[in-house]
Amino acid sequence: MGFCPICEKKTLFYKKADWLRDNYHCIRCNSIPRQRALLQVMQQFFPDWRKFNIHESSPSGATFKKFSSECLGYRSSQFFPDIPAGTIFSGQRCEDLSRQTFNDESFDIVITQDVLEHLLDPVKSLKEICRTLKPGGAHVFTVPWYSWQDTKIRAIQEDDKIVYLEEPDYHVNPVNDEGSLVVTEWGKDLIDTIYASTGMSTTAIHIRDRQVGVDAKFIEVFVSRKLLGSVSSLTNRWAR
Ligand SMILES: [Zn+2]
């Protein structure tokens, strides 16, 4: 028994298999641990998120239901390789994270849940996420983080084809039956890579608390902040 950060009610968390990350559910909303961890972080860091402009790439499940019903400024997009960016397909806006059609500084928060490991051009995508954030805005995300080892690139794109450097590994994709290819196993250089490519500073938040149904491997939630415009005037003041 515990309290679900998504339902915001008392609930029962139950385990369907030992791999908790995909099998430890809330009996009310069917959410999984990383979704509840994300909501815990949203509540703690951004308690006014319901009033924000939020873009989520490739949403699904309980968090999609919550954000789309409780946040008026929530917009979501999915990637369909053959559909032009910015158009609507099957009721969903199509966007390629590495070439977005959103204007600069459109959002207070951009959310990606288990997306970064599938991007063929992650640095370009991170830059684009940063471009669409307002100053002081944040990219809130989850990704399997192999924090004890170097980042491993499993596949690269060369011209129009994908070259596999490791045995192809696919994750479930709600909008594509083939699944999503795992391109990158992000390692200890994740946070430095984000800083080097965007200037955003990142905090990794690790929650393990069964009272809120948060316990699993790869449970970190990351918050990358875009620099506030006022920071340079403050540092200049102190530098005098
Ligand atoms: Zn729930």
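These are my notebook entries on what I looked up in the structure.

**Ground rules**

I am working with a predicted model, where local features need pLDDT of at least 70, side-chain atom pairs count only at pLDDT 80 or more, and totals for chains, interfaces and linings use all residues. Residues are numbered from 1 along each chain as its sequence is written, and side-chain values use heavy atoms, with hydrogens and water left out.

**Overall build**

I began with secondary structure and found six helices and 18 strands in the chain. Helices (H or I, at least four residues) and strands (E, at least two) are DSSP runs, numbered from the N terminus.

Next I checked the dimensions. The C-alpha trace spans about 55 × 45 × 40 Å along its principal axes. The radius of gyration is 18 Å, which agrees with the value near 18 Å for a compact globule of 240 residues. That radius is taken over C-alpha atoms, and the globule rule is 2.2 Å times the number of residues to the power 0.38.

I then looked at burial: 48% of the 240 residues are buried. Buried means under 20% relative accessible area, exposed over 50%, and partly exposed in between (1.4 Å probe, protein chains only). The chain exposes about 12700 Å², and carbon and sulfur atoms supply 50% of this area. Accessible areas come from the Shrake-Rupley method with a 1.4 Å probe; for residues, only the protein chains shown count as cover.

For contacts (heavy atoms within 4.5 Å), I took residues at least 6 apart in sequence. Of the contacts between them, 60% join residues at least 24 apart.

**The zinc site**

Which atoms coordinate the zinc ion? I found C4 (SG), C7 (SG), C26 (SG) and C29 (SG), at 2.2 to 2.3 Å. Donors here are N, O and S atoms within 2.8 Å of the metal (3.2 Å for Na, K and Ca); water is not among the atoms, so sites may look incomplete.

The four donor atoms subtend angles of 104 to 113° around the zinc ion, so the arrangement is tetrahedral. For four donors, that label asks for all angles between 85 and 135 degrees. The ideal for four tetrahedral donors is 109.5 degrees.

In sequence, the spacing of the donor residues reads C-x2-C-x18-C-x2-C. C4 sits in strand 1 (residues 2–4) and C26 in strand 4, so this pair ties together parts that are 22 residues apart in sequence. Both C4 and C26 are buried.

**The nonpolar cores**

A nonpolar core is a set of buried Ala, Val, Leu, Ile, Met, Phe, Trp, Tyr and Cys residues joined through side-chain atoms within 4.5 Å. The largest one has 32 residues, and L38, M42, F46, W49, I54, F67 and V140 have the most contacts inside it. At least two residues each come from strand 4 (24–26), helix 2 (33–45), helix 3 (61–70), strand 9 (107–113), strand 10 (133–142) and strand 18 (221–225). Helix 2 gives the most, with five residues.

I picked out M42 for its neighbours. Leaving out residues up to four places away in sequence, M42 touches P47, W49, I54, F67, I109, I111 and V140.

There is also a second, separate core of 19 residues, which includes F102, V110, L126 and F141.

**Helix 4**

I listed the buried residues of helix 4 (residues 122–132): P122, S125, L126, E128, I129, C130 and T132. They pack against strand 9, strand 10 and helix 5 (190–198).

Where does E105 lie? It is in the loop between strand 8 (92–94) and strand 9. E105 is partly exposed, with a relative accessible area of 45%.

F218 also has a phi near 50°, again positive in a residue other than glycine. The loop between strand 17 (201–205) and strand 18 holds F218. At 17% relative accessibility, F218 counts as buried.

**Two spot checks**

Is T184 buried or exposed? T184 is buried, at a relative accessible area of 5%, and lies in strand 16 (residues 184–185). Beyond four places in sequence, T184 touches E117, L119, T151 and K152.

F79 is in the loop between strand 6 (73–78) and strand 7 (88–89). At 43% relative accessibility, F79 counts as partly exposed. Not counting residues up to four places away in sequence, F79 touches E95 and D96.

Terms used
Tetrahedral: all angles 85-135°; square planar, octahedral: opposite > 155°, others 65-115°.
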